[in-house]
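Work through the exercises below with the sequence and the model side by side. Try each task before you read its solution.

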Amino acid sequence: MFSHISGRTRLAAALLGTGLALAGPVSLAQAAPLDNEPLSAYTANARAAQQAPAAPAAWAAGTRAYLVITAPGDTTAVRNAVAANGGSVFSSFDAIGVVVAHSTSASFAATLRGVAGVQKVGATRTSDVPADAYNPALPANPSQAAAPTTEPVRSDMTQIKADQAWAVNPGSATVKVGILDTGVDDQHQDLAPNFNAADSVSCAYGKPDTRAGAWRDVDQHGTHVAGTVAAAKNGKGAIGVAPGVKISSVRIAEPGSTLFFAENTICGLVWAGDHGFKVTNNSYYTDPWQFNCPDNLDQAAILEGVGRAQAYAEGKGSLQVAAAGNSNVDLANKTTDSSSPNDSTPVTRTITNACLDIPAELPGVVTVAANGTSGTSKASFSNYGRDVIEVSAPGESVYSTVPGGKYSSLSGTSMASPHVAGVAALLASANPAYTPADLRAKLGEQATDLACPSDARCTGTTAKNSFFGEGRVDALKAVGGSTTPQPGKYFENLTDVTVPDNTTVESAITVSGVTGNAPATLKVGVDIKHTYIGDLKVDLVAPDGSVYNLHNRTGSGTDNIAQTYTVNASSEVANGVWKLRVSDNASADTGKIDAWNLTF
């Protein structure tokens, strides 16, 4: 997640240059500082069962939003009580007994708490409801950049064996994944093939807006998440974990602030249940409270309302996957919260484990920690917690889609969570009868165990610990593939070769003892340490001089290339001297070929 987008997200240095430092707080799953580049600071319905009375005709200064909780079913009496006590009904979710009310009266909540049939009442924000809530502007539909001509497999995908899973089952188009986030650029060339507009919506402000385009991105976070889940395998730019499934955008972030208030989250989760989403990704926490405490009347109503919405969605067959957050805190030993409320002035308060980061800590939700670039470490920013973290996934320098047909590398548990949502979608594709509980259990059972590092904060066993839960998810196991290494002779060169600025260097491997030609699936493992891979062009040179491009100046400011490429080298004689050729095409950033290998 970002801060609320479970934190702050690091942007690739070459990204657009647009101003991403938002004026207000954002609740995206926080991202981490990875180098000295500045961070862009983020402060970040039941359709049939939902009543959606018309909002007041005019916005008034001082309007606040409230959740009014009652018994599920007919909320007529409570809706009438809202109107009779200085409020108006903005939306209503009868199936879970939640009414979203607006009022300018400072005594509204206290008055409603005394009404028969009302179980809880709580303000969902410490700031006014924006005027945009009454006449929402449609997000921009950005013009699209030219499509890339390459689609390299990245290290995050190889770490979870997604690149091997695609050959077995890339995911079924009958599986729908909901992206509950800042919106999605559905026109992006890598997302358009898998985008499901019919089930996309805006839930900003807590009421479904089904106008075409209301689901579009008001930031870039949701588009990035969507690409990690299901960017198409089409030879352009990036590939998602489950490139065969369908994605729908449920925009729950409000424009300007990009905050995810409780009523928006409730609307999104109920929508997910009613629209058949097998999986949802939730890379955020519910604003304005990083942790909601049951001894606070407002936060108790938020816990109840969002909790009911999650249970409703799960009951309809939807598994929620959520980012653990980027504050590097132990969720199993909470003590203080100094970042809430993030829609006004944060205060430092003492909290206990009864105070929950939601939706990540709700029952039934898969809580995801972030691995570092090695795939076996905890990302420095990632929250952790014994019996809180379910599984882990890559979360540092993840390359994916951003609006306008572009790409960027971001970091955060926000980036780890969609890897898990993608693996869950592959599981659902291979096992259509699986329930959310089945999917959740299998994610853990099939995960690759990761031992605790030498860090006293990591407690538990290799099979299950506070840093990684049950381990790093495995996409190949999710689709029933074999993890047994394929036969083939292996050759490697571990000698470091420095890559200076504006220079081309080579590293050689002599292959012998292989009969005939190289395979159509020659594996080329590359480990290049470099602080700006957008400078680099990387080629495999066959013994006869034929050149096979592996990487051509993509990735912008991302650090390091650590991935395995598949090359159709079937026209090449296997034995002889193969070379890895690396060209640095700019100044200021340098590196080295750390190692590379060939598997025939």
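## Exercise 1: a histidine side chain

The backbone oxygen of Thr554 lies 3.3 Å from a polar atom of the side chain of His551. This is a predicted model, in which local features need pLDDT of at least 70 and side-chain atom pairs count only at pLDDT 80 or more, while totals for chains, interfaces and linings use all residues. Residues are numbered from 1 along each chain as its sequence is written, and side-chain values use heavy atoms, with hydrogens and water left out.

**Task.** Describe the place of His551 in the chain and its surroundings.

**Solution.** 
1. Take the definition of a polar contact: a pair of N or O atoms within 3.5 Å, where, within protein, one must be able to donate a hydrogen and the other to accept it, and residues adjacent in sequence count only if both atoms are side-chain atoms.
2. Find the element. His551 belongs to strand E24 (residues 547-552); helices (H or I, at least four residues) and strands (E, at least two) are DSSP runs, numbered from the N terminus.
3. Check the burial. Buried means under 20% relative accessible area, exposed over 50%, and partly exposed in between (1.4 Å probe, protein chains only). His551 has a relative accessible area of 4%, so it is buried.
4. List the contacts, that is, heavy atoms within 4.5 Å. Not counting residues up to four places away in sequence, His551 touches Ile533, Leu536, Lys537, Val538, Ile561 and Tyr565.

## Exercise 2: aromatic rings

**Task.** How are the rings of Tyr66 and Phe108 arranged, and how are those of Phe467 and Phe468 arranged?

**Solution.** 
1. State the rule. Rings of Phe, Tyr and Trp (its six-membered ring) pair if their centres lie within 6.5 Å; planes under 30 degrees apart count as stacked, over 60 as edge-to-face and the rest as tilted.
2. By this rule there are 9 aromatic pairs. The ring centres of Tyr66 and Phe108 are 5.0 Å apart and their planes stand at 50°, so this pair is tilted.
3. This pair links distant parts of the chain, 42 residues apart: Tyr66 is in strand E4 (residues 64-69) and Phe108 in helix H2 (residues 108-112). Both Tyr66 and Phe108 are buried.
4. Phe467 and Phe468 form an edge-to-face pair, with 6.0 Å centre to centre and 90° between the planes. Phe467 is buried at a relative accessible area of 2%, and Phe468 is buried at 0%.
5. Tyr384, Phe467 and Phe468 form one aromatic cluster.
6. Look for charges over rings: NZ of Lys or CZ of Arg must be within 6 Å of the ring centre and within 35 degrees of the ring normal. Lys378 lies over the face of Phe467, 5.5 Å from the ring centre. The charged end of Arg125 sits over the ring of Phe261, 3.8 Å from its centre.

## Exercise 3: the nonpolar core

**Task.** Which residues touch the most other members of the largest nonpolar core?

**Solution.** 
1. A nonpolar core is a set of buried Ala, Val, Leu, Ile, Met, Phe, Trp, Tyr and Cys residues joined through side-chain atoms within 4.5 Å.
2. The largest core has 50 residues, and Val177, Ile247, Val420 and Leu443 touch the most other members. Helix H8 (residues 413-430) gives the largest share of this core, 9 residues.
3. Beyond neighbours within four places in sequence, the contacts of Leu443 include Leu319, Val366, Val391 and Val420.
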